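Have the model open as you read.

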Amino acid sequence: MEVNETNRPLTETPENNVSAVSVPTVDENPDVAHEPKPTKATVIQRLKEINENNCNADKQEIDQLKQTFYKLHKAEQDSARKAFIDNGGNADDFIPSPDPDEREFKEVMKAIKEKRSAITAAQEQEKEENLQKKLDILEKMKTMTESSEDTSKIYNDFKQLQQEWNETGQVPAAKVNELWKSYQLYTEKFYDMVKLNNEFREYDFKKNLEQKTHLCEAAEKLAEEPDAISAFHQLQKLHQEFRSIGPVAKDLRESVWARFKAASTVINRRHQQHFEDLKEKEQNNLDQKTVICEIVEGMEYDTFTTFTDWEEKTREILALQAKWKTIGYAPQKMNVKIFERFRAACDEFFRRKAAFFKSVKENMAVNLEKKKALCEKAEALKDSTDWKTTSDVLTKLQKEWKSIGPVAKKHSDAIWKRFIGACDYFFEQKNKATNSQRSVEIENLRKKEGIIKELTTLDASGTTDEATANRVRALMKEWNSVGFVPFKEKDRLYKEYHNLTDRLFDRLHLSATEKRLSNFKANLDKEGNLYRERERLVRTYEGLKNDIQTYENNIGFLTSTSQKGNSLVADINRKVERLKSDMELVLKKISAIDEALKHQE
């Protein structure tokens, strides 16, 4: 049997070389710009065109249209969900509105699926019929190779069978190699049997060589095709043509096949590299999207305690979502999973944000009630004339107001104006009432400065007669009768006055009682509660009175016949005199307080 390229091992046949490279399904390349930007309407229109054209479109295009539609459909639902949440709705309560475009989309897709199923079934039926035709052709070829009839008479019949074989369409993929082996076997056997003259045989080889050389050139030119996918599909057609052409001269069979195989290898490698690059890019996209998911999932929600915190993080989430849209597809088996992971992380963020805002609204409602209560207290005090006590109370209410958290913006201005209005009204009334008091205090300041001036003159004179002492007493009495002075001047006057009186008392040898009483009267304006001080002095007076009575009773039991007894009696008498002096000072202090209280009224 003559050896040609049809006797090669099956692994080297053009058909097996092509089928060794699979064509994976890939998502649309996100780096390719599409103008105009697709809409649901354009997607549905394109699907209708495909349906009307008997579904004459690649499954890849239909899958891409389906992904595009649901991407747009999902974007609309996300936008509606965001608007619902921004308007105060709970994310868990959101129910998307029915999409009329989705119903139309599903109807067109159903029609396409039915037509494609029918077309596929018809194609499979046609392949089965083609299989039977080729089996019949092989049976006839086998009969010819076993016939003892002159081959020159049946040569045209054999060529006619070859023509019928080439014109017969595709068969089931599982039968391709088996049919091809049988066809090659019977063809070789027939040519071995044919007793053609060398001239006719050389003509047939030459014609086949021209056709196969043309196919080699076409395959080599495909290396210049920029689209690796298109080049690969064109190569498949060239392989089908190569198989249908008969053998060439034996000495050229190896080189022709090697040339065609080398050109095919270039295209196949480009095709494979295209998908490897795409796979690498998709893996890189998956890595980027995984990092984004980890960022969103790693949000430290416990640290978001203010509106500003949540708004700042919301801007970060929206920026990550925008970044996500610029990243292309991940590997097909992970594309949906990584998107679901990202969507779940974002949903969790916005769920927690909604819960925070809900709790803040509830706290604001509580704060509003607290501030209303403070308003009522302030309004109840605004007409009070107890200036000091009420001022202290309102000051405390203002501090308490600051400690209460915020209220809703729509209530904030009104509740604040209500509260501050009551406070302002009280302090305005207080200012009006105390304006006249200030003028009195200024007049008192002038009087006390006059007293200090006269005391300074007396101190500088150095006189120690009774008239000077009497004048000092008169000035001290006058000082005690003068009312309050401005608060900021009080300490200065007090210090100057007491320094002068202390020096004058020492030089004029005035009694300690007078000095103590003078100091007490001068300090009356510093007493916080004069009524309480008066009660204390009354208790002191009663205590001194009881002590004197006790000492006087004890004297009645003592005998003065001895020197020791006389000494003890004298000591008790001195104590009684001292206590009586203290009682007199206490009574004078009580009188001074009564005068001060009368002056205040």
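Helix α4 passes helix α6 in a left-handed crossing, where left-handed means that the near helix is turned anticlockwise from the far one by less than a right angle. This is a predicted model, in which local features need pLDDT of at least 70, side-chain atom pairs count only at pLDDT 80 or more, and totals for chains, interfaces and linings use all residues. Residues are numbered from 1 along each chain as its sequence is written, and side-chain values use heavy atoms, with hydrogens and water left out. Helices are DSSP runs (H or I, at least four residues), numbered from the N terminus.

**α4 against α6**

- The axes of α4 (residues 100–145) and α6 are 9 Å apart, at an angle of about 25°; axes are lines fitted to C-alpha atoms over the stretch in contact, and angles run from 0 to 180 degrees between N-to-C directions.
- The two helices, α4 and α6, are therefore roughly parallel (an angle under 35 degrees).
- On the α4 side, the contact (heavy atoms within 4.5 Å) includes Leu-131, Leu-135 and Leu-138, while Leu-179, Tyr-183 and Phe-190 are among the α6 partners.
- The contact of α4 with α6 comprises 10 nonpolar, three polar and four charged residues; Ala, Val, Leu, Ile, Met, Phe, Trp, Tyr, Cys and Pro count as nonpolar, Asp, Glu, Lys and Arg as charged, and the others, Gly among them, as polar.

**α6 itself**

- The 21 residues of α6 (residues 173–193) should span 30 Å at 1.5 Å a residue, which agrees with the 31 Å between its end C-alpha atoms; the expected span is 1.5 Å times one less than the number of residues.
- Among the buried residues of α6 are Leu-179, Tyr-183, Tyr-186 and Phe-190, buried meaning under 20% relative accessible area (1.4 Å probe, protein chains only).

**α10 against α11**

- Helix α10 (residues 307–326) and helix α11 (residues 332–381) cross at roughly 160°, their axes coming within 11 Å.
- The pair α10 and α11 is therefore roughly antiparallel (over 145 degrees), and its crossing is left-handed.
- Trp-310, Ile-317 and Trp-324 of α10 take part in the contact, as do Phe-342, Phe-349 and Phe-356 of α11, among others.

**Two lysines of α3**

- Lys-74 lies in helix α3 (residues 59–86) and counts as buried at 13% relative accessibility.
- Beyond its neighbours within four places in sequence, Lys-74 contacts Phe-339 and Arg-343.
- Lys-71 also has its place in α3, but counts as exposed at 56% relative accessibility (exposed means over 50%).

Technical notes
Angles under 35 degrees count as roughly parallel, over 145 as roughly antiparallel, 65 to 115 as roughly perpendicular and the rest as oblique.
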